[in-house]
Amino acid sequence: MSLVPVIAVDGPGGAGKGELCIRLSRKYGFSLLDSGAIYRVLAYAALKKGIALDDTVSLVALAKSLNLEFKEENNAVAIILDNENVSKFIRNEETGSAASKVAVISEVRAALLQRQRDFRLAPGLVADGRDMGTVVFPDAQAKIFLDASAEERARRRVLQIEGRGVKADYQKILGEIKERDDRDRNRATAPLKPAPDALVLDSTHLSIEEVVDTAVKFVESKLGK
Ligand code: C5P
């Protein structure tokens with residue numbers, strides 16, 4: 001029996017993985033795993049319950065009991081924690097930074113492993129994260145590592161925020177991006193790095209269309225689509 005196909009997309013925050021994964025999942029009719037949202041929800045729930053972000057025992061218990069659902073709503077995926085839609089509370093940099101702190105703890109990562117693997121269902125999965133191709137789905141049929149310079153990712157983030165009519169501070173955002181990158185790349189367990197068999201794509205000077213075209217050609221060469 002052949003394994004359910006997985007397209008693993010890893011890389012730092014803001015490189016365009018989210019958009020690429022949505023496009024790939026629509027194109028192939030595969031479901032989508034936003035693994036970063038799981039770490040974000042865990043950090044959000046911990047902060048709400050007053051659990052310190054380095055309290056391994058309490059974080060592991062919380063990770064194991066997390067009542068989390070992903071629901072399709074109006075063409076977007078809503079993140080539901082204990083029957084409450086928390087999507088809008090977890091997308092800020094404060095929660096991203098908190099997520100990267102709980103994500104350094106190897107016991108927390110282990111507690112979340114099976115929850116992520118359970119998303120591997122027919123006809124296939126697009127998995128978005130930091131360790132999809134290296135740890136969670138090492139046998140993924142197609143692995144992509146989408147990178148971009150920190151300066152370019154900060155520039156895109158500023159445009160996104162200012163597009164909503166809010167003023168953004170480029171230097172502050174760049175500092176936050178670099179701090180989170182450092183934590184994700186230098187942790188002992190499942191550090192952010194390309195799998196040896198990943199296609200490394202640097203999107204610094206590429207449009208989203210160019211990224212998608214290159215990724216699709218690669219996926220088709222691997223999945224025989
Ligand atoms: O991708 P996103 O920005 O939502 O991820 C938030 C944080 O969660 C990352 O900075 C990283 O520390 C952690 N994460 C992880 N492994 C994943 C996905 C996210 O460690 N597979």
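Helices (DSSP runs of H or I, at least four residues) and strands (DSSP runs of E, at least two residues) are numbered from the N terminus. In this predicted model, local features need pLDDT of at least 70 and side-chain atom pairs count only at pLDDT 80 or more, while totals for chains, interfaces and linings use all residues. Residues are numbered from 1 along each chain as its sequence is written, and side-chain values use heavy atoms, with hydrogens and water left out.

View 1. Asn-83 sits in the loop between strand 4 (76-81) and strand 5 (84-85). Most residues other than glycine have a negative phi. With a relative accessible area of 69%, Asn-83 is exposed (buried means under 20% relative accessible area, exposed over 50%, and partly exposed in between, with a 1.4 Å probe and protein chains only).

**View 2. Ala-190, a buried residue with a positive phi.** The loop between helix 9 and strand 8 (199-202) holds Ala-190. Phi of Ala-190 is about 50°, although this residue is not a glycine. Ala-190 counts as buried because its relative accessibility is 11%.

**View 3. The cis peptide bond between Ala-122 and Pro-123.** Omega of this bond is about 5°. Most peptide bonds are trans. Pro-123 belongs to the loop between helix 6 and strand 6. Asp-118 lies in the loop between helix 6 and strand 6 (125-129), and at 47% relative accessibility it counts as partly exposed.

View 4. Of the 15 residues around the ligand, Arg-40, Arg-109, Asp-131, Arg-180 and Asp-184 come nearest (a residue is near a molecule or strand if one of its heavy atoms lies within 4 Å of it). By class, the shell has four nonpolar, four polar and seven charged residues. Here Ala, Val, Leu, Ile, Met, Phe, Trp, Tyr, Cys and Pro count as nonpolar, Asp, Glu, Lys and Arg as charged, and the others, Gly among them, as polar. An oxygen atom of the ligand is 2.7 Å from an N or O atom in the side chain of Arg-109; for Arg-130 the distance is 2.9 Å, and for Arg-180 it is 2.7 Å. Taken alone, the ligand exposes 460 Å², of which the protein buries 96% (accessible areas come from the Shrake-Rupley method with a 1.4 Å probe; for residues, only the protein chains shown count as cover). Helix 2 (35-49), helix 5 (93-102) and helix 9 (170-186) are the elements that give two or more residues to the shell. Helix 2 gives the most, with four residues.

**View 5. The buried side of helix 3 (residues 56-65).** Leu-59, Val-60, Leu-62 and Ala-63 are buried. They lie on the same side of helix 3 because they cover an arc of only 165° around the axis (the arc is that of the directions from the helix axis to the C-beta atoms). The face turned away from the buried side carries the exposed residues Val-57, Lys-64 and Ser-65. The buried residues of helix 3 pack against helix 2, helix 5 and helix 6 (106-117) (contact means heavy atoms within 4.5 Å).

**View 6. Helix 5, mostly covered.** Seven of the 10 residues of helix 5 are buried, including Thr-95, Gly-96 and Val-102.

Key
A polar contact is a pair of N or O atoms within 3.5 Å; within protein, one must be able to donate a hydrogen and the other to accept it, and residues adjacent in sequence count only if both atoms are side-chain atoms.
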